[in-house]
Amino acid sequence: MPISENAKAVLERRYLARDEQGQPTETVDGLFRRVANAVAEGDRRFDSKADVVATAKEFYELMVSLDFLPNSPTLMNAGRPLGQLSACFVLPVADSMEDIFDAIKNAALIHKSGGGTGFSFSRLRPKGSTVNSTGGVASGPISFMKVFNAATEAVKQGGTRRGANMGILRVDHPDILEFITCKNDTREITNFNLSVGITEAFMEAVSQDKPYDLVDPATGRVVGQHSARAVFDAIVTSAWQTGEPGIIFLDRLNRDNVVPSQGEIESTNPCGEQPLLPYESCNLGSINLVNHLMKTPAGWVLDRAKLEKTIRTAVHFLDNVIEVNQYPLPEIDRMTRSTRKIGLGVMGFADMLLHMGVPYNSEEGVALAEEIMDTVNSIGHQASEELAEIRGPFPLFDQSIYRDGRPIRNATVTTIAPTGTLSIIAGVSSGVEPVFAYAYIRNVMDGTHLIETNQILKDRLVEAGIYSDELMHKIVEQGSLAHVDGIPEDIRRVFVCAHDVSPIWHVKMQAAFQRYTDNAVSKTVNFPNSATKEEVAEVYRLAFTLGCKGTTIYRDGSRNEQVLNIGKVN
Ligand code: UDP
């Protein structure tokens, strides 16, 4: 099994089944068998004589080879009593005390099972409005977000990971300015990522420097106006200072809403890649691109035949997950099965480029992104259409935007996940991000440090006959090869890290993947510490023009606690 020691440690710490004394009762190989067997059982629902053993073998090989991995909850929970397999949920938050606290309870149940939750708080009446039943004064969305946050803090996810939340507020909500700055004190609302829900009308008002209306969601009345530019600047300033809030383009999410009859899409999951209707959930899975290269005399090229086969098996796998999944709430069960959304994506994209000798920040890199994601999306859709012939289309197909076309099993097929843990297990670069640093120090939770070096670079330097401890030391110190002496130009050009890639290229790459992705793309645009607010604003405008569904930015050093640090141990 090509699993690294590091990956084994992650799996052993958090993913293996355990007995009551906390001792692992399975090996890493056993984990993949457990998951494969449980997910293959889904076949039986459609054919009592299905060869479940053959399917289980196929799924096992898909995972044990690390060609594809399903999201963490599937690895952790499949074939075990909890049986909750999805990473992504969106819960509604309606404007009543009962509904708010129902949402908190439901989120706690989801967090306990390893899932993450997204909420739109846009329906909550603004701070200071009247509360009919008591004649009192409403405390507004931000004060309730603090309650959600405290509940999340208390429910550690089964001792494995803390619950993650996305909180969204529409830009035309009267409390928007308070929302934009509510995490400027970095001790506040720490279990949430925040995004402002941007409308096209708002972007239009920004470009024309006009005021726009603020609407009280409880009454539907216009209760004031803000200068669009002032609010845009406030978002930019806060993101420049702290990395938050991000932005999502609501109209764009709803243009791709496959079943508008079920209502509007108001929120995404915690990392922004999965827009969902209230009570929908989605399970993700990622193809390891490094494993889909083949060596030719001309160098490494994409193995298309293998990629297509992986895509088909992965779609079969993810559709089965919907069948065997045990949902935390009856509403979630019903909604998820009615649209059957899955999110197939990729990881190891940057590593793949390194092997192929293509710089991330180049037209060639962007073209490869398009070629790959076009394949994943079109073959993925084909596979889902073929499944529909046997299993039927998703139940709301007749109400969907696809209803005049070929029946399809899954309302959405593709999503680019961050693959925070999956990429460690597979030993590749995460999602579609550039390599963060080629040699870096990882802050581990207990305050100790760990030095990691990139194996592809190491091999390349050894091959070029220039590998030395001294050279690696310089790369650790600088976090980038850009200014290290003695590195040949052809290596320097290709081995670019996140900070060598200009923000504009980050956005171009995100947009390239988005063009061929049903859902959205998890991506952070990295800025150097010296970046200006205007540069951040430019990226927001570019993301909008290039068709991205949202943007998250991060300026180096702008938060106290960074998981990944460039440079020396301090
Ligand atoms: N997620 C979560 N808690 C975490 C990490 C992830 O709830 O600590 C959810 C969240 O919805 C996120 C999604 O899982 O958007 C996918 O994240 P990622 O790809 O990093 O997860 P992995 O499967 O690699 O653990």
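**Helix packing and selected residues**

Reply: Helices H9 and H20 cross in a right-handed sense (right-handed if the near helix is turned clockwise from the far one by less than a right angle, left-handed if anticlockwise). Helices here are DSSP runs of H or I with at least four residues, strands are E runs of at least two, and both are numbered from the N terminus. This is a predicted model, where local features need pLDDT of at least 70, side-chain atom pairs count only at pLDDT 80 or more, and totals for chains, interfaces and linings use all residues. Residues are numbered from 1 along each chain as its sequence is written, and side-chain values use heavy atoms, with hydrogens and water left out.

Me: At what angle do H9 and H20 pack?

Reply: About 115°, with the axes of H9 (residues 228-242) and H20 (residues 533-545) 9 Å apart. Axes are lines fitted to C-alpha atoms, for helices over the stretch in contact, and angles run from 0 to 180 degrees between N-to-C directions. The two helices are therefore roughly perpendicular (65 to 115 degrees; under 35 is roughly parallel, over 145 roughly antiparallel, the rest oblique).

Me: Which residues meet there?

Reply: From H9, Phe232, Ile235, Val236, Thr237, Ala239 and Trp240; from H20, Lys533, Val536, Ala537, Tyr540 and Arg541. Contact means heavy atoms within 4.5 Å. By class, that is eight nonpolar, one polar and two charged residues. Ala, Val, Leu, Ile, Met, Phe, Trp, Tyr, Cys and Pro count as nonpolar, Asp, Glu, Lys and Arg as charged, and the others, Gly among them, as polar.

Me: Next pair. How do H13 and H14 cross?

Reply: Their axes come within 11 Å and cross at roughly 120°, with H13 spanning residues 349-356 and H14 residues 363-391. That angle makes H13 oblique to H14. The crossing is right-handed.

Me: What touches what between H13 and H14?

Reply: Phe349, Met352, Leu353 and Met356 of H13 meet Gly365, Leu368, Ala369 and Ile372 of H14. The contact has seven nonpolar residues, one polar and no charged ones.

Me: How many residues of H13 are buried?

Reply: Six of the eight, so H13 is mostly covered. Buried means under 20% relative accessible area, exposed over 50%, and partly exposed in between, with a 1.4 Å probe and protein chains only. The buried ones are Phe349, Ala350, Asp351, Met352, Leu353 and Leu354. Just after the helix, glycine 357 has a positive phi of about 75°.

Me: Switching to glutamate 323. Buried or exposed?

Reply: Glutamate 323 counts as buried because its relative accessibility is 8%. It sits in helix H11 (residues 304-324).

Me: Which side chain makes a polar contact with the side chain of glutamate 323?

Reply: That of arginine 340, at 2.8 Å. A polar contact is a pair of N or O atoms within 3.5 Å; within protein, one must be able to donate a hydrogen and the other to accept it, and residues adjacent in sequence count only if both atoms are side-chain atoms. Not counting residues up to four places away in sequence, glutamate 323 touches Gly42, Arg45, Phe46, Arg337, Arg340 and Arg409.

Me: And where is glutamine 262?

Reply: In the loop between helix H10 (250-255) and strand E11 (267-268). Glutamine 262 counts as partly exposed, at 30% relative accessibility. Its side chain makes a polar contact with that of glutamine 399 (3.4 Å).

Me: Last one: where is glutamine 510?

Reply: In helix H19 (residues 503-514). Glutamine 510 is buried, with a relative accessible area of 2%.
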